[in-house]
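Please keep the sequence and the structure in view while reading.

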Amino acid sequence: FCGLAGPPSAVEALFYEIAGPVMLKMQGVGGTWPETVQAYLEHDIGVKSWDVVHLKGGITSILAGTCRVRKAQPQEFSTCHIVLQPDQEVIKAGDLVKIHLKSTPFGK
C-alpha cells in the first residue's frame with residue numbers, strides 16, 4: 001500500500017518518482033527509474049520556494065537533434081518531470097535542465 005497525499009499533480013509526481021520505482025524494484029526489474037536525461041528549457045520558469053527540489057510537469061520535443069522541454073499546461077498530459085534544483089529562483093530559457101522521463105520498462 002502506498003498512501004500518496006496531495007493534489008492530483010503532486011500524487012502523480014510522487015508515484016512516478018517514488019512509488020513506481022519501488023514497485024519495479026520489488027518485481028525484480030533491473031535498471032534505474034525514472035530515466036534521467038538533460039534537455040534545454042524553452043522558457044523561463046520561476047520557483048516560489050527555492051530551498052527544496054521542485055518537480056514540474058513537462059513536455060519534451062526534439063528540435064535540430066537536441067532534446068527540449070517546456071512546462072506542461074494545466075490540462076495537458078506531461079511526458080516528463082522537470083527537476084528544478086534548490087537555490088535557483090528562476091531557471092532561464094536555454095538553460096540545460098535535468099528531466100525524468102515518465103516511461104517504464106512496461107511502456108507509458
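## The largest pocket

Helix α1 and strand β3 each supply at least two residues of the lining of the largest pocket. Helices (H or I, at least four residues) and strands (E, at least two) are DSSP runs, numbered from the N terminus. A pocket is defined on a 1 Å grid over the protein atoms alone, as an open set of points where a 1.4 Å probe fits, with protein on both sides within 12 Å along at least five of seven lines; lining residues have an atom within 4 Å of a point. The structure is a predicted model, in which local features need pLDDT of at least 70 and side-chain atom pairs count only at pLDDT 80 or more, while totals for chains, interfaces and linings use all residues. Residues are numbered from 1 along each chain as its sequence is written, and side-chain values use heavy atoms, with hydrogens and water left out.

The volume of the largest pocket is about 390 Å³, where a volume is the space filled by probe spheres set on the grid points, which are joined across faces, edges and corners. Its lining has 18 residues, and Ser9, Ala10, Glu12, Lys56 and Gly57 are the ones nearest the centre. The greatest contribution to this lining comes from α1, with 5 residues. Sorted by class, the lining of the largest pocket holds 7 nonpolar, 6 polar and 5 charged residues. Here Ala, Val, Leu, Ile, Met, Phe, Trp, Tyr, Cys and Pro count as nonpolar, Asp, Glu, Lys and Arg as charged, and the others, Gly among them, as polar.

## The second largest pocket

The second largest pocket contains about 160 Å³ of space. Of its 14 lining residues, Phe15, Gly20, Pro21, Leu24 and Thr104 lie nearest the centre. Helix α1 again gives the most to the lining, here with 6 residues. The classes in this lining are 9 nonpolar, 4 polar and 1 charged residues.

## Helix α1

Helix α1 covers residues 8–26 and bends by about 45° at Phe15; the bend at a residue is the angle between axes fitted to the seven residues ending there and the seven starting there. Which residues of α1 are buried? They are Ala13, Glu17, Ala19, Gly20, Pro21 and Leu24. Buried means under 20% relative accessible area, exposed over 50%, and partly exposed in between (1.4 Å probe, protein chains only).

The cover over these buried residues includes β3 (54–63), β5 (80–84) and β7 (96–101). Just after the helix, Gly28 takes a positive phi of about 85°.

Lys102 is located in the segment after β7. Why does Lys102 count as buried? It does so because its relative accessibility is 5%. The side chain of Lys102 forms a polar contact of 2.4 Å with the side chain of Glu12, and another of 2.9 Å with the side chain of Ser78. A polar contact is a pair of N or O atoms within 3.5 Å; within protein, one must be able to donate a hydrogen and the other to accept it, and residues adjacent in sequence count only if both atoms are side-chain atoms.

His100 lies in strand β7 and is buried, because its relative accessible area is 13%. Its side chain makes a polar contact of 3.4 Å with the side chain of Thr36. Leaving aside neighbours within four places in sequence, the contacts of His100 (heavy atoms within 4.5 Å) include Glu17, Pro34 and Cys80.

## Residues in the loops

Pro34 belongs to the loop between α1 and β1. The peptide bond that joins Trp33 and Pro34 is cis, with omega about 0°.

Glu42 is in the loop between β1 (36–41) and β2 (45–46), and counts as partly exposed because its relative accessibility is 32%. The side chains of Glu42 and Ser61 make a polar contact of 3.4 Å. Glu42 and Lys92 are 50 residues apart along the chain, and their C-alpha atoms are separated by 8.4 Å.

The phi of Ala64 is near 55°, a positive value in a residue other than glycine.
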